[in-house]
Amino acid sequence: MIPLLMARIIRSNGGFIPTVYKVMRMRRSGGILWYVKILYANHAGFISSCDNKQKNRIEKNCIPFRKLNLTVNKKIGIHVHLYYLDLLDEIIYYLTNIKHRYNLFITIPSERRSTVADIYKKTKSKLIYAERIEVLPVENRGRNFGPFLVALRGKIDRNEYILHIHSKKSLYSGKEQFAWRRHVYDSLLGSPYVIDNILWLLENSNVGYIAPKSSDIIPYWAHSWLSNTQSGALLSEKLMMSLDLHSYADFSVGSMFWCKKSAIKQLFDVCFQLEDFPQEPIPNDGTICHAIERCFGQITKFNGFEIAEVDVEREVFNIGSFSKNLSQYWKKTIKDLVEFTYPYKTISFDIYDTVVTRILVEPDDIFKIMQEVIDSHIKAKIGDFVKLRKTTETILRAKIKRNNDVNIDQIYSRIAVVSGLNTLEVKYLMDLEISLEKILVRPRQVILQLIYNLIEQGKRIIFSSDMYLTTSHLKQIMGPLLSAENFEIKVSSETGLRKDRGDYWDNFKNEIECHIGDNEHSDIQLCVDRKIPTFHVMSPKRMLELCNNLQEPLPPRISAIDSIILGLSMYKIFSDPFALHDHGDLFFKKPNDFGYAVIGPLVFTFMLWLHKHIKENNINKIAFLSREGFYLEKMYKKFLILSHEHGAIEVIYLECSRRAVVMASLENSQDVYESLDIPYNSTFSNLMFSRYGIEINKNDRNYLEEVSLPQQKEKVKNMMIPYINEIIEKASVERNAYLKYLNSVNLQKGCQKFAVVDIGYSGTMQKYLQKIIDSEILGYYMYCFPDNINKNNIIAKGCFGEMNREAISKETTIKTQILEAIMTAPTGQLVKFINIDDGKLQPVRNDHVLTSEEMKIIDEIWNGVEQYIEDATKLILNTELIKSEVIPSKDVAMYFFNQFCLDPRSMVDDNVMRVFKVDDRYVSNRTLIPFSERLNRIGDRRRSEAIGYLPAQWPTL
């Protein structure tokens, strides 16, 4: 086996010497054994994973290399920008690995045009697959992108596949970055095996841009836009597309890549001129060259293509997003931060998103909240306040000179001039903004505790911020944190010095021994440039953006209330900057935290939606239907108390089930036959017992007959004929008992303004309750199927979805099953009520599908939901958003829940996964387990009616 494996290694790498070189590089990434393991995995047809939680994502998002016999019919164009001519031989060595016809374009600085003939002669003699070779002297402007996008326009873009490389040394770092350059070359041109796999991916997939995995020497934070947001904004205008300048970018750090011409067509279509690029010498960051470098991933996706990262050491392509060396951050812990502070006596902290954070998605969302309040309270119309507030601050800052900055008084003085508001109105707005800051700011407890410990050790603490608020405002906002003595605040509105301009660091670099902050540009890059020791802590928003198992981006449009709804979850999950330690996965160690962050937002949104509809329809009594209504009723009562509306509406928890209400409504044979419209899939004997309480004789020829309703309704009608009278008699007894129960909760016939609340879906219980009490009932559901609602002749609405049952996807089914499982009551499903000797009623229930230990987990989840309801209600009351009666968007309310449903086992442990079981006896005589194709059939053994059914023996998950 080993000789065969070694032979494959040598053959796949193009010979013995390239293989030796590759093996030497393996020391950085797990050694030769790792390489052998990966190669074996590739040839065995699977990918081995060290972490089972990540295995599914690895299989979905990675494509392994494979041995190929490839023919490429499309034109290949290769651009080499050869600034350092001494690297020509090295580049030629790598280009010899290409065993397909290609066109080669080499650009060199114009002052070295005398070397054109020698370069042409050398490349022509050694690169036998190069059909066309051009060596072009170009003006030294735009680094590698000036020649690529200007000099070669009309040449390189005539090829379908493009390779762009250059002679990289990065001497600005203090020495030639030999290892970095070799890593990039190895990833793109390391062997015929590597090149064939890259070309195969371009030929046979939607991938349009392929870049190397970042070298280990590149810090993860270098994948942000750093100093390039201004140049990025200019590039965005030039390309006539909106570039995301705030997220980490998927790009080749070093600007070398393979791509399809059509994937980056805008860069050729825009017709760059040399004058668009600054003249040399240029800074190490902040130019249009650095902006172009970061835009390739976004342009590729904008054009409908996918991106891929080459991990040549593990021989896989990472599809969809790049790794960005984020493992560097995920490995950090609070211990690392504490050890970082040991040598220093004066320690600087950024304030916002480092020490404290707003419970909002974006900082500017505070202005959206102000807009809502303004529209409700200020009679004067000032239009788009969000735009006015941000534009005013931007204009004022653009006018100020260096060593100065704007403050909040100047901002609102200017707003008074341009808006026409009077003095009192402007003061109200400014006070509102400051009060909202106090309401919405929360400490990051891990950092807060570190600061307390440092102060106790006698260390000097400096809080620094680029901020329009003053020290006085910040002390009010940060409260007890600033009660200690050994600290000071340096805020740009008072010092006139800003971190993001660099003048703050230039003035205080001798005073500040080290700095801790979240902003990759102002807190990290500019400190590193000045050799100030720095430690990066990610903001909650950044952690959400980069979290591995949050697979979908946030919804694009976030309202004021949306921002609070998501902000609470983000704070719970990401307040600790090391919460994603180890793998970068969101993982809930406590069911309480899962309930708060994942289930809390959707339940709270449902409460707001429900309350709004109840008020609009003047409902005076609502019943939460068992069993999914058990916890919902508690949450709604909590909401009413917190919002000071307790007692305005009568709220009850109504014991019912489809089995109980349907049976209680059957008065004749026509009613019985109509009940066969309700879906069912199992044996005829199970149907008769679970639906109607009839135990048929085993000698009945239909005893084990499989039935499917409503498809086989006519067949089942004939099978039921001998049992109709017995069913009607049992139904009469059950109806009298159930009417007695309804009277006990003041639901008599003819009651008015009454509504039921449940998870969904077709309103079956609503329909039959309406028949039993002979009154119109309104229905409010999380989900509902309008077609079935109309068929049942009832009035009902759905909060999160009104959909056609036939069009429901597998994903939607899983979501609804999870919600049913989480919302289950502590008691088993109601079968019926029976009269006992003293005239009292006794419920008969099925045995619960969950154990007592599993119900404790459900309780813990709902404790978290209850805390979320409390926090969210207080926030919308304090911010006065409750008066606007705006409902959070469905996508926002269900964001974390939807992400959980995509990859549940990566977020919770097996103990929590065990609770996701749904009692589906009424429809299929089975227990449904979301995330599993398997349906677990309930045993046929049963006890008497008074006891209910035997506990089913559920298989271990």
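The accessible surface of the protein chain in this predicted model comes to about 40300 Å², and carbon and sulfur atoms account for 49% of that area. Of the 957 residues in the chain, 58% are buried.

Helix α23, spanning residues 520-529, is mostly covered, with eight of its 10 residues buried. The buried set runs through E520, H521, S522, D523, I524, Q525, L526 and C527. Among the elements that cover these buried residues are the strands β10 (346-350), β15 (514-517) and β16 (534-536), along with the helices α22 (503-508) and α24. Both ends of α23 have something to show. At its start, a side-chain oxygen of N519 reaches to within 2.9 Å of the backbone nitrogen of H521. After the helix comes K531, which has a positive phi, near 60 degrees.

Helix α38, residues 895-902, is also mostly covered: six of its eight residues are buried. Those six are Y895, F896, F897, Q899, F900 and C901. The cover over them includes α24 (540-546), α25 (560-574), α26 (591-616), α35 (810-822) and α37 (890-893).

Next comes a helix pair. Two packed helices are described by the angle between their axes and the distance between the axes. For α17 (residues 408-419) and α18 (residues 423-440), the axes come within 10 Å and cross at roughly 140 degrees. The crossing of α17 past α18 is right-handed. On the α17 side, I408, D409, Y412 and A416 make the contact, and on the α18 side the partners are V426, L429, M430, E433 and I434. Sorted by class, this contact has seven nonpolar residues, two charged ones and no polar ones.

E854 sits in helix α36 (residues 852-878). Its relative accessibility is 9%, so E854 counts as buried, the cut-off being under 20%. The side chain of E854 is joined to that of K917 by a polar contact of 3.3 Å. Leaving aside residues up to four places away in sequence, E854 touches V849, R914, V915 and K917. R921, in turn, is found in helix α40 (residues 921-924). R921 counts as buried because its relative accessibility is 2%. The side chain of R921 reaches the backbone oxygen of D847, at 2.7 Å.

Most residues other than glycine have a negative phi, and most peptide bonds are trans. N925 goes against the phi part of that rule, with a positive phi of about 55 degrees although it is not a glycine. N925 lies in the loop between α40 and β27 (926-928), and at 4% relative accessibility it counts as buried. R143 is another non-glycine residue with a positive phi, here about 50 degrees. R143 belongs to the loop between β4 (130-138) and α7 (145-151). With a relative accessible area of 35%, R143 is partly exposed, whereas N925 is buried.

Cis peptide bonds show up as well. One runs from E280 to P281, with omega near -5 degrees. P281 is part of the loop between α11 (265-269) and α12 (288-302). Another cis bond joins S626 and R627, and its omega is about 0 degrees. R627 lies in the loop between β17 (621-625) and α27 (629-642).

Conventions:
Residues are numbered from 1 along each chain as its sequence is written. This is a predicted model: local features need pLDDT of at least 70, side-chain atom pairs count only at pLDDT 80 or more; totals for chains, interfaces and linings use all residues. Side-chain values use heavy atoms; hydrogens and water are left out. Buried means under 20% relative accessible area, exposed over 50%, partly exposed in between (1.4 Å probe, protein chains only). Helices (H or I, at least four residues) and strands (E, at least two) are DSSP runs, numbered from the N terminus. Contact means heavy atoms within 4.5 Å. Axes are lines fitted to C-alpha atoms, for helices over the stretch in contact, and angles run from 0 to 180 degrees between N-to-C directions. A crossing is left-handed if the near helix is turned anticlockwise from the far one by less than a right angle, and right-handed if clockwise. Ala, Val, Leu, Ile, Met, Phe, Trp, Tyr, Cys and Pro count as nonpolar, Asp, Glu, Lys and Arg as charged, and the others, Gly among them, as polar. Accessible areas come from the Shrake-Rupley method with a 1.4 Å probe; for residues, only the protein chains shown count as cover. A polar contact is a pair of N or O atoms within 3.5 Å; within protein, one must be able to donate a hydrogen and the other to accept it, and residues adjacent in sequence count only if both atoms are side-chain atoms.
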